Amino acid sequence: MSLTILVFVKQVPDTKNITGEAMKADGTVNRAALPAIFNPEDLNALEMALELRERYGGMVAVGTMGPPTATAVLRHALYMGADQAFLLTDRKFAGADTLATSYTLAAGARKFAAEIAPFDLVFCGRQAIDGDTAQVGPQLAEKLALPQLTYVEEIQEVTAGRLRARCLIEGGYEIIECPAPSLLTVVSTANTPRPPGARRLMQFKKARTRSELAAAHRDRAYEEADLLIEEERRLRDKGLWIHEWHAEDLDVEPDRIGMAGSPTKVKAIESVVLAGREYKQFGTDQASINQLVHELIEAHILS
Amino acid sequence: MAENFFLDNPDLRFRIANAGLDEVIRMRERDFSETEEYPDAPDSVEDAKDNYDKVLAMVGEVCAELIAPRARDVDAAGCRLEDGKVFYAEGTRENLKNLQQAQLMGAMLPRRYGGLNFPVTVYTMMNEMVSRADGSLQNLFGLQDIAETINLFGSEDQKRRYLPRFASGEVDGAMALTEPEAGSDLQAVQLKAHYDAATNTWRLNGMKRFITNGCAQVLLVLARSEEGTKDGRGLSMFVCERCPGLLVRRIEDKLGIHGSPTCELQFNDVPAELVGERRRGLTRYVMSLMNGARVAISSQAVGIAEAAYREALDYARAREQFGTTIDKFPAVYEMLVRCKVNIAAARALLYETAKFVDLRDSYAELVAHTDREALPPGVRKKARMYSKIAAELTPLAKAFTTEMANEVAYIGIQIHGGTGFMRDFNAERFYRDVRITNIYEGTTQLQYVAAIGGTVQRVLDPLMDELSLLPYQGRLRRLASRVDVGRDRLREAIHSVTEHHRHDTEYFELVSRRLCEMEIIVFVSYLLLRDALKERPREVLAERYILDMMPVLDTHYAWINSGDFSLVDRHEEILAL
C-alpha cells in the first residue's frame, strides 16, 4: 500500500518571540515587526505525514495559501522531505477568514487531486498561533466532504480504506477508527518534527515558483518568454518546481474568496496593555516572606 | 526566531565569511563538474559558500533547539552496559536520530558515497556547535574521521561497502587504538592480527581499552600483524564489524562526557580486513586519523568553552551583590574579557589550521590523482608546504584550544561562585566535560612534542612574514610592531636553545613547552591583527590579546635566556624531600 498525503501549512508571525512593536496602534498584529515562521503544529502534521510515508511508502505534498513570501515554508517542507509543494497566492485571496480560507484550500486540494495525484489523507496542524481558531482544518474537511479526526497524537494503523488513530481529549485520549480518505488535525505532542536534511536543503534551495522565476528575469520576462519556458522545463525535470496557483487557476467563485467571501466582521479590537504601576520588593528571609503572604491575603489575591 | 548557535555567534560567522576557502572549493568540486549528476552539488564558489552558510545555520538551530535542551539529562543518565550491550542515554539516541535526519553523518565524504563533500573547515564548525550544545555528543558525531580514513586509505571495494553506510548514519564507528600498555606510546600495541589462509581472512585477538564508542558497528583497529616485531613498523590497520567474538567487557565511569561510552574491548578471533598496506598502520594511517581527530577535539574544546563563557556572562549580568550586578566589578569583568578574547583567539588559530588541513588534503588529492607529467609546476612543492604547515598547526591548535577551554570552564565556575559548584547550574558540567580534551588524542605535553620540530625549523615563518607585512596603520601598526619584537625574542630564544644546548635533550624537552607557547602567542597575535584589518571592531580583540600575552612571552624569553638548568639538575632532590 502506498499513501498520498496532502499537508496544509501556514506561514505565521512568530508570536512566541516578540521583538519590537508587535501591535499596531489600532490593535492589529504588526506583521512587519514579527519574524515569519512555519506554524509549529503544521510541522507536527508534516512530520506525521513523513513518518507514514516511511512506513507505507507513497508521496507527501504540502500546500499553503498566502503571499508570495509564504514560499519559504514550502521550501522548508521540501528540506524536511516533502515531495511536492504548491502555493495558492492571489491578491484576491487576501483578508480571508477561516471560511474563505478553507474554501480556497479545498479548491487547491481538488486541483491537486485532478492534476497531480488523488490523495488518501489530508493533514493540518491543530491550529495556527496567529489566529488560534482551530477552525480551518475542520472546515476544510466539510468542504472536501471528508470524515475528520481532530487532536490526533498518533496514527496506529492505516489499512485499505480505514485508519486507526489516538486522539487527545480532555483528561485523556480516545482511539478512533475512521474511514479514509479523511482529514486529520495534529497536536504538538504527537512528535518532534525532524530538522531539514542538508542534501535536500542544498537541492531545494533552488526550487522556484513561476513568480520567483519571472522576478529573477525582471522586466525582460516578456522578451525572454522562450527562455523562461525552457528554464521552467528544466526546473520541473529536476523536481525543483513549486506549483503556483492563482484564483483563475482554481474552480472558485469570486464572492467566496478573500475579503468578499469572509462573513467574519471584527466589531472592535481592544489593545490590552498590562502595565505594572508599582512594585514592592521583599527579602528572602522568613519574616519578609510572611509579610508578602500577609499582604497577598489582605489584597484578596490569596485566601 | 528560534535559538541558533550559528546565527547568534558573530565570531563564528566571521570565521566562515573569511575562511579563505575559494581555492579549496574549486579543487574539491573539481571545477563544478558534479552539478548534473548530483542535485545538491554547487555550480559556483558563491553557490558552495551559500550552501555552507545555509547548512551551518540549520545545524545551529538543531544544536540550540533540539540537542542543547537534552544535555543535562544525557549527563545525568550516562550510558549503560547490560549483557554485553551498550545503551546510550535516551537524549543521545534522539540526538543521533536528528543528526541522521539532518543528513550530516558524512559531512566530508564524496557525494558518490552519499556525503556532503564539505571541507574540514565546515565540518569543524559543525563539531564546534554540536559540542557547545552537548560536549559528549561530539564524541559520536565527531567520529567521521573514521569514514574519512577509509576514504583516504581503503580500497575502492571497501569504500563502496562502508562509506554509504556511514554517510546515511546506518552504521557508526570507533577507532580502537589504545591498550592497557599502549596509551601515549602506541608503538607498544600488542593486539594480534594473524592471517588465516584457510578462510582467507585476518583474525584479531587481544584487548583494547578506553575506546570511545567501542560498541560501534564498524571499528578501525590498530593491530600487530608482523609477528616478532616490537615497534610501530609491525603494526597494520584493520577494519572489522561488531560480531559475537567482539565483546564489550566494561564501560568506564568517567568524570565527564557521560553521553559517550568508553569501552574495554576483547577480541576473540574477530574477522577483519586489512586497510591499506601492511606495516603502515601506525606510521601513516593512524597518524593521519589522529591528526584529523585532533582538529575535531580542538573544536570540541572551543564549543564547550563558548557554552561555559556564555552562561558565566549571563550569570554575571543578572547576579546582584553589593547593590550592583557583578559584571561591573573589575575582578569579574577581567575574567569575562579573558574568556571572550581567548575563545576568539583560539577560534582564529583553529580555523587557520582547518584551512591548511583543507589545502593539504586538496593538494594531496590532486597530486595522487594526476599523472606526473600533467601536474602543473609548483603543485608538488605547494603540497609539501601545506602538509608541513598543517602538521605544525594541528598540535599547536590542539594544545592552545584545549588548555584555553579548561581555563574558561574553570573561570565559568568561579564567576558563578558557590552556585557554580552545585549541580543546579551547567557550569560544573562544562568543567567536567572539557577536562578530557587536553588529554585524549594526545595530551598537551605530547602536542608540544609533535610541534617543537616545526617550531625550531620555523615552518610558520613564511606565514608570519606575510602577516607582519600587512598594511597596518595607527594603533594596529603599533601593536604589530610589538608582535614583531615578540617574534624576534622567539627566534632568539630558539637560537639560544639550539645553538648552545643542541645536545642536551633533556633541557631541550623541558623548554619545548615554552617555545611552543611563544610560537602560539606570536602567530595568534598576527592572525588577530589581520582579522582587525578585515573588520575594524575586532581591533579591541587583537589589542587585548597582544597586550596581555606579550608579557607572558617575555617571561618565557627571560626564563630561557637566564640559562636556568637547575630544574633538570635538581628535580629529583626536590621530589625526594
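Reader: What share of the contacts in chain B with a separation of 6 or more comes from residues 24 or more positions apart?
Author: This is a predicted model, and what follows is computed from it. Contacts in chain B are counted here at a separation of 6 or more. Among those contacts, the share from residues 24 or more positions apart is 75%.

Reader: What is the radius of gyration of chain B, and what does the globule rule give for 577 residues?
Author: Chain B comes to 19 helices and 11 strands. Its radius of gyration is close to the value of the globule rule, so chain B is as compact as a globular protein of that length. The two values are 24 Å for chain B and 25 Å from the rule.

Reader: How much of chain B is made up of buried residues?
Author: A residue is buried if 20 or more other C-beta atoms lie within 10 Å of its own. The C-alpha trace of chain B spans about 70 × 65 × 55 Å along its principal axes. Of the 577 residues in chain B, the buried ones make up 51%.

Reader: What separates the centres of domain 1 and domain 2 of chain B?
Author: The domain assignment of chain B gives domain 1 as 173–279 and domain 2 as 460–566. Taken over C-alpha atoms, their centres are separated by 41 Å.

Reader: Is B:Val45 buried, exposed or partly exposed, and which residues is B:Val45 in contact with beyond its neighbours within four places in sequence?
Author: B:Val45 lies in helix H3 of chain B, residues 45–67. B:Val45 has 16 C-beta neighbours inside 10 Å and therefore counts as partly exposed. B:Asp22 is 23 residues away along the chain, yet the C-alpha atoms of B:Val45 and B:Asp22 are separated by 6.4 Å. Leaving aside the neighbours within four places, the contacts of B:Val45 are B:Asp22, B:Ile25 and B:Arg26.

Reader: Is B:Gln103 buried or exposed?
Author: B:Gln103 is in the loop between helix H5 (90–101) and helix H6 (120–133) of chain B. Its phi is positive, near 60°, in a residue other than glycine. With 26 C-beta neighbours inside 10 Å, B:Gln103 counts as buried.

Reader: Is A:Ala145 buried or exposed?
Author: A:Ala145 is in the loop between helix H4 (136–143) and S7 of chain A. A:Ala145 is a residue other than glycine with a positive phi, near 55°. Most residues other than glycine have a negative phi. With 8 C-beta neighbours inside 10 Å, A:Ala145 counts as exposed.

Reader: Which strands of chain A are joined to S7(A), and do they run parallel or antiparallel?
Author: Strand S7 of chain A covers residues 148–159, and three bridges join it to strand S10, residues 182–186, in a parallel run. Six bridges join S7(A) to strand S8, residues 162–169, and here A:Glu157 is partnered by A:Arg164. The strands asked for are S10(A), parallel, and S8(A), antiparallel.

Reader: Which residue takes a positive phi in the hairpin of S8(A) and S9(A)?
Author: Eight bridges join S8(A) to strand S9 (residues 172–179), and the two run antiparallel. Across them, the bridge partner of A:Leu163 is A:Cys178. The hairpin has two residues between the strands, and the residue with a positive phi, near 75°, is A:Gly171.

Reader: Where is the peptide bond that is cis, with omega near 5°?
Author: A:Pro181 is found in the loop between S9 and S10 of chain A. Most peptide bonds are trans. The cis bond runs from A:Ala180 to A:Pro181.

Reader: How many residues of H8(A) are buried?
Author: Helix H8 of chain A, residues 286–298, reaches 18 Å from its first C-alpha to its last, close to the 18 Å expected. A:His300, with a positive phi near 65°, follows the helix. H8(A) lies largely in the open, because the number buried among its 13 residues is zero.

Reader: How many nonpolar, polar and charged residues are on the side of chain A that touches chain B?
Author: The contact involves 14 residues of chain A and 14 residues of chain B. By class, the chain A side has six nonpolar, three polar and five charged residues.

Terms used: Residues numbered from 1 in each chain as written. Chains lettered and ligands numbered in written order. Predicted model: local features only at pLDDT ≥ 70, side-chain atom pairs only at ≥ 80, totals over all residues. Contact = placed C-beta atoms within 7 Å. Nonpolar A, V, L, I, M, F, W, Y, C, P; charged D, E, K, R; others polar. Helix = DSSP H or I, 4+ residues; strand = E, 2+ residues; numbered from the N terminus. Expected span 1.5 Å × (residues − 1). Buried ≥ 20, exposed ≤ 12 C-beta atoms within 10 Å, placed from the backbone. Rg over C-alpha atoms; globule rule 2.2 N^0.38 Å. Domains from an automatic or database assignment. Pairing = 2+ DSSP bridges.
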